[in-house]
Structure formats: structure tokens, C-alpha cells
Amino acid sequence: MWPNNVGIKAIEVYFPAQYVDQTDLEEFDKVSAGKYTVGLGQSKMGFCNDREDINSLCLTVVQRLMERHGVKPQDIGRLEVGTETIIDKSKSVKSVLMQLFEPFGCTDIEGVDSTNACYGGTAALFNAVAWVESSSYDGRMALVVAGDNAVYASGSARPTGGAGAVAMLIGPNAPIVFDRGIRASYMRHAYDFYKPDLNSEYPVVDGKLSIQCYLGALDNCYQKYCQKANEKNINESISLASFGAVLFHSPYCKLVQKSFARLAFNDFLNASKSAIANDKYQGLEKFSASKLEDTYFDRDVEKAFMTLSNKDFAEKTKPSLLIASLVGNMYTPSVYSGLVSFLISKPIDQLAGTKVAVFSYGSGLASSMYSLTIAEDSSSKSDLEKLVSHLSYVKPQLESRRRASPEEFTGVLELREKNCHKAPYQPQSSIENMFDGTYYLESIDEKYRRTYGKVTKSK
């Protein structure tokens, strides 16, 4: 027997306690006003000082989820991590997280790390769901962690950084259920974004190719998802109208808006001739002979379908961009911070029964589209209310972060750059302004061994 309603039973998000304002950054970088805020759709960008690394981000989000939801170490049978922030070429982040379980005698926990740019969190999630649905499942739950510190060298890409982590508890009888049997992936070899220099945190980025790869992956995943759904004899053809929410990996918010319009363009091309002639597509007939692969940078297509889809975008996707606009691109947690944002932006009654499309992308490239259904029966609705109520901290913590100057932000990146992979190393940043319960890097010894502390503030 398949376990019933396998999905997300709890979710936690963590972001650093400081940010740089994008308007300040525009002035500091001497670029035109609105280049980052309007052009990219970004408002603020969270960043880590030298007290935080991928291990501390993941320790924090896992510990917070377990405490907030009353999850015991004995309840977890699989722990998966997705990240592209590599600080050790052998030792997994998951093995570091075992420090939270070993004191309780819990070492029978499967799973390690998954890595491919921003896609690793989705790979980890798929592994966890497969384990719960497999013959190896033993009744315990799975825990999926996605975390990254996203930083760029000075230049046009730097404002698209961010940092944070998301943890998700996976098991049966969940209020947010993974739709079974319809999932589409698109995998290719591409050098759009990659990190070949192991002595640097910064990637090599081909900006134009990266956008082309992202949109091409979106087209292919959506077309394949629609095809698979139709082959399963679903009553209606799949389109944007089939979903109450559409979530995207968010390199920057403006690209997400363009991506939603891209799906509207896909729907237009998939439509019948009679549909093209109806009122919905009036005036767009001239685009009916267009080919997807020829229109990645076609401004006329982009403008026309952004206009057409603007109302649906505002309802189905814009609410999911709250954290992305205020923290930036978290890399692997990005699309899942979108899920958190959507959940805290809608009343429970509007969430129940919603079908959610999810597009996950990682450069290099790996991508998938799948769907979730937010359960609406009475018991699941109660669990949903509990899940959402446990996210009440998100908006207050976003508002309570400290605004750092661009000079401080740049200085932190220079400090990290100077001391990248240095050993021994004693971090220099203060822990005073960190959120209560945050793990932080205490020191790195001469053998590169890292030790961590935890911020505990008196009540």
C-alpha cells in the first residue's frame, strides 16, 4: 500500500539578521536609480558575515524546525541536504547536522548531500519523498534541508545575491501533498553559471546564456508536464488556469514575472486555432507562428504576454515573492522560500484545495516541474492551520533585521574573500545582532575543523 498523502508536514525558513537595501546599493554602485529595484524587482538583500557558513545556516534551520514543531530526533529516519555552497570536498553538511541527533542515540538516519547549483534542494526533496513511498520506509519522517550563501564578485550580478535556508518535514498524511505520477524534468550540459575556482565563493556567470537556459528549461518542463498530464486522461488540458499558484526558482523577481508570462505564451501556442481567435487572445494572432526557441529575448513577445498575464501573475505568483524581494536569491531554498511566502500571504480558506505548480532550476543545468495540492478535508485543514501558524515569525523577523550600509556589506565580502578556506581562522564579526537560537562559527583550527556555538539571549 502507498502511504497516503505524502508531502510537507512542517516548514521552516531562516535568513541572516542583516541586509543591504538595494536603493543604497544603486547609489553606492553609481548606477541609475531603479536599476536593481525596478529592473531586477529586488528591494533588499540578506547576507552572511564571517560568523555564518553553510553548516551554521543548516544547523539553525533544522534546530528551529524541530523545536517549533515538537519533532524529536527519534522521529527522523532520513535527512537530506541540498546545497551548492561547498566548504569541504568530502564531508557532507548532513554529517555535520548529525550533531543534533547523536546526543540522543539517533544515528540510524539515511541521506547525504545533493549538489547541482540551485537544484540540489529539489533533488533532496525528491529523494525524501521516494524514501517515504519505498519498501525501505520504516514509519519515521524525512527531513529535507536546502541552504546556501549566494555571493557574487563586484559587478552587475552582485545585487542578485542572498542567503538563507529552508527545512521541510516530509511524511504521510500531510496538509501539502505531492501530486503523484506527473513530474517533468529537463537536464542538459551548459556553462551558464558554475564555480570552478575552489578557492573562491564566487561563480563564473554568463548572464545572457543563463537567462536563455532558464527560460528554455521552463518551456521544456512545462510542455512535458502538460503532455504527461494529458496522457493520464485528465479531464481538462493543463494550462495556467489549472493552478491556483505557480512558484518559480527566483534568481531575481523580475525574471519570475517574465517566466509567468512565458507560461502564458506557452498556453497561447498550445491553444487551438479557435481559441486563438477568441477574446482572450485578441490582437495576439501575429505571434501564433512563433517558435519558443526563437523568442527568449523577443521584447514584443515578452511585453505582450506580460500584459496579458499581469492579473493572473498578481494573484498566483506575486505573493510567493515576498521573501525573495526582501532577502534575495537563496539558491537551493529559493523556490521553497516562495512556498513559505505564498502560505503566509493568503487566508487559510483560500489556501485549502489549491493546486500549486513548482518550477525548480539549477544552472549547469538541471530542472523539474511538479505540483502540490493543499489538502482541504477537515483533519488536513487543521494541520494546515497549524503549519501556517508556525510561520508567524517570518514577517516580524524580516522587519527586525538590521540595515547595513553598502560599505559594510562590501567590507564583509572582502573579509570573506580574503579568508576563504583559511586555517586556522578566528571569525571577526560580532554575534550581538544575530537572531536568538542562531548557530554561528566559533573557530576553524589548523586542521580545518570547524566548531559552532549557538546564540542564546536572556529572556
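## Cysteines

Across the whole structure, the search finds zero disulfides, a disulfide being a pair of cysteine sulfur atoms within 2.5 Å. C58 takes part in no disulfide, and the nearest cysteine sulfur, that of C48, lies 11 Å away. C58 is buried, with a relative accessible area of 0% (buried means under 20%, with a 1.4 Å probe and protein chains only).

C253 is likewise in no disulfide; for this residue the nearest cysteine sulfur belongs to C118, 14 Å away. C253 is buried at a relative accessible area of 7%.

## Basis of the model

The model is predicted: local features need pLDDT of at least 70 and side-chain atom pairs count only at pLDDT 80 or more, while totals for chains, interfaces and linings use all residues. Residues are numbered from 1 along each chain as its sequence is written, and side-chain values use heavy atoms, with hydrogens and water left out.

## Largest pocket

A pocket is an open set of points on a 1 Å grid over the protein atoms alone, where a 1.4 Å probe fits, with protein on both sides within 12 Å along at least five of seven lines; lining residues have an atom within 4 Å of a point. The largest pocket has a volume of about 1,300 Å³, volume being the space filled by probe spheres set on the points. Its lining comprises 49 residues, with T85, I86, I87, D88 and H421 nearest the centre.

## Second largest pocket

The second largest pocket has a volume of about 630 Å³. It is lined by 28 residues, of which T160, V205, G207, I211 and Y252 lie nearest its centre.

Notes:
Buried means under 20% relative accessible area, exposed over 50%, partly exposed in between (1.4 Å probe, protein chains only).
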